[in-house]
Amino acid sequence: MTVTYARAWDLSDLYQSLEDPRLDQEMQALQAQAGRFRETYRGRVATLTPLEVRTALQTLESLWERVGYVYAYPALMFAADTQNPRARQRLDQVMQAATAIENQVLFFSLELQQLPAAQLTQLIQAPVLAGYRHYLERLRVTQPYRLPEAVEQTRNQDSLTGRQAFIQLRSLHQGALTYRPVTTPEGTTATLEAELSALLFHADAQTRYQAYTSIRERLAEHNLLYGYILSTLAQDHRLENQLRGYPSTLAKQLLADEVPEAVFAAIMQGTRARYDLFQRYYRQKGEALGQKIRTCDMFAPWPSQQPVDTRIDYDRGIALLLGALGEFSDTYRQRAEQFFQKRWVDAQMRPGKQGGAFCSYVYGKHSYLLLSYADDYNSLFTLAHELGHGLHFAWIGEAQTYFNSNPPMVLAEVASVFNELLLLDYLLARANDQPALQRLLLVRLIEDQLNLIFRQSTISRLELAIHERATQGSFDHEFVNQTWMQLYQELCGDAVEVLPEHRVDWARIGHIFFKPFYCYQYTASSVVSLACYQQYRQHGREFIPGYLQLLASGGSQEQMEALRQYVGVDLTQPATIDRALDTVAGLIDRLEASR
């Protein structure tokens with residue numbers, strides 16, 4: 001018997017509506033609490049005992065946990081419908097209140113950073129502060145880049161009408177776009193961005209082309225606007241670098257994400273050296289399709305003599321995903337099922353809904369997942385990916401306090417990719433008598449890994465060029481278009497025809513706007529996830545305790561050390577990257593042998 005699940009989320013465990021009076025009451029109470037904290041501790045941090053420091057940190061954690069509740073509700077409402085003016089207004093109000101709160105209490109970390117080195121070391125080593133050791137270590141590492149309190153407050157306030165406003169503008173604008181409808185040979189018509197993106201997996205080449213161009217012709221109409229937004233954001237990062245003393249935007253982000261520069265360099269060099277894998281696969285796919293692959297064809301289904309039903313409705317998809325997680329761990333499955341039973345997932349397609357997919361964690365409660373489920377395998381794997389994030393945060397929530405609840409970015413993507421690998425193996429095992437479906441699933445894994453390893457690192461190459469160009473001044477949309485085309489052509493070689501419409505494709509990549517140099521971390525996490533999965537396949541259930549400890553570690557320790565300690569993966573070694581690429585090569589070999 002198939003269980004039926006709602007596709008729209010229920011946010012009532014946060015607030016009842018945007019007009020819920022508790023929203024305003026809580027914002028006022030939190031601002032008052034921040035004021036009391038300031039009165040109690042400002043100017044006194046240097047005199048506090050380790051126990052008093054712990055008490056103050058616990059007070060701050062309680063404050064930020066409650067701020068998270070207030071922020072999450074309008075932010076999630078806005079993501080579900082960017083055309084809702086009240087949600088946007090409420091979100092603006094909450095962001096202003098949160099900024100005011102941050103400005104009230106930021107003195108505490110600044111005063112900690114201003115302590116004499118010996119005194120700060122004593123705090124870091126104090127037994128009563130053991131749970132905050134990594135947090136305090138991070139304060140020491142970032143100390144050289146902090147500014148006086150008044151300047152930090154100004155930066156926070158200005159961000160509302162500066163960097164954050166431009167990020168919000170892009171989201172609002174893309175959420176309001178309408179697209180040229182595309183009708184399939186079967187007679188269905190797609191108009192929403194998510195529906196059009198799903199058609200890139202359609203068997204008909206003309207349908208794929210029309211869906212691809214429908215989205216990108218709208219981006220081209222607003223190419224100047226998106227180029228201006230990106231240039232402005234890059235300039236804001238450049239000015240911040242100068243103000244704080246960061247050598248570059250990349251250096252700033254690597255420090256924030258706890259990734260050694262050598263690891264970043266190894267990833268970028270290691271992937272560029274193996275572009276032949278990417279090109280080899282797409283040449284092979286072009287031969288199978290009887291045409292040269294165009295950028296609109298990269299997700300086209302492989303031809304098959306046997307028809308393959310690629311439709312996976314939401315309820316069946318959830319059942320399959322829960323089955324895959326249950327084979328890994330009963331507890332894992334039970335926690336995953338809560339997301340659907342308690343309606344923590346918004347999978348419904350609707351006009352104005354934010355594009356893409358995300359997992360939003362609200363410390364002290366749980367995570368909320370957003371995606372647009374198109375009843376296909378791609379949507380199912382997206383659901384598996386975001387649910388991996390949700391499960392990761394479930395383990396963090398049990399083990400860590402607020403300041404340790406945010407995992408560094410490489411760790412943050414491991415559980416999501418691992419979930420996809422679990423799902424793939426589960427589906428492959430149930431398709432023994434369906435070689436066409438097995439090939440479809442194998443292709444899905446290969447293309448997912450090619451995207452994570454090669455396309456995501458190519459996005460970071462674009463960012464390297466963007467932020468380097470920003471050091472010379474502003475740039476326009478044509479610079480981004482040309483650079484993106486050049487980098488993508490280098491990746492594709494002669495294996496893929498890069499359509500001219502692809503020049504504006506970068507505008508769809510949200511991370512380059514709101515989180516510079518995030519995308520290479522998908523590559524790093526894919527490498528780690530492949531390494532973890534190889535160990536799981538080799539050692540079975542013996543692997544699981546260490547893996548769950550890795551998830552539970554959250555942001556409580558240095559991530560490269562956590563990887564070595566819990567799962568024996570050393571990302572600082574180029575051999576780790578080489579083995580992951582060899583795994584992908586082996587998958588392509590397997591696909592060739594099945595033809």
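How many residues lie between E5 and E6 in the hairpin that they form? The structure is a predicted model, in which local features need pLDDT of at least 70 and side-chain atom pairs count only at pLDDT 80 or more, whereas totals for chains, interfaces and linings use all residues. Residues are numbered from 1 along each chain as its sequence is written, and side-chain values use heavy atoms, with hydrogens and water left out.

In the hairpin of E5 and E6, five residues lie between the two strands, and Gly-364 in the turn has a positive phi of about 95°. Strands (E, at least two residues) and helices (H or I, at least four) are taken here as DSSP runs, numbered from the N terminus, and two strands are said to pair if DSSP finds at least two bridges between them. Strand E5, residues 358–361, runs antiparallel to E6 and is joined to E6 by four bridges; Ser-360 has Tyr-368 of E6 as its bridge partner, while Cys-359 stands opposite Leu-369.

E6 also pairs with strand E4 (residues 345–346), in the parallel sense and over two bridges, and here Val-345 has Leu-369 as its bridge partner. The three strands make up an open sheet with the order E4-E6-E5 and mixed pairing, in which E4 and E5 are the edge strands, each pairing on one side only. In general, the strands of a sheet pair through backbone hydrogen bonds, either parallel or antiparallel. Strand E6 (residues 367–370) is covered on both faces, with Ser-367 and Leu-369 buried on one side and Tyr-368 and Leu-370 buried on the other; buried means under 20% relative accessible area, exposed over 50%, and partly exposed in between, with a 1.4 Å probe and protein chains only.

When neighbours within four places in sequence are left aside, Phe-108 is in contact (heavy atoms within 4.5 Å) with residues including Phe-37, Tyr-41, Leu-57 and Leu-60.

Ser-329 is placed in the loop between helix H15 (314–328) and helix H16 (330–341), and this serine is buried, with a relative accessible area of 9%. A polar atom of the Ser-329 side chain lies 3.1 Å from the backbone nitrogen of Tyr-332.

Terms used: Polar contact = N/O pair within 3.5 Å; in protein donor to acceptor, adjacent residues only side chain to side chain.
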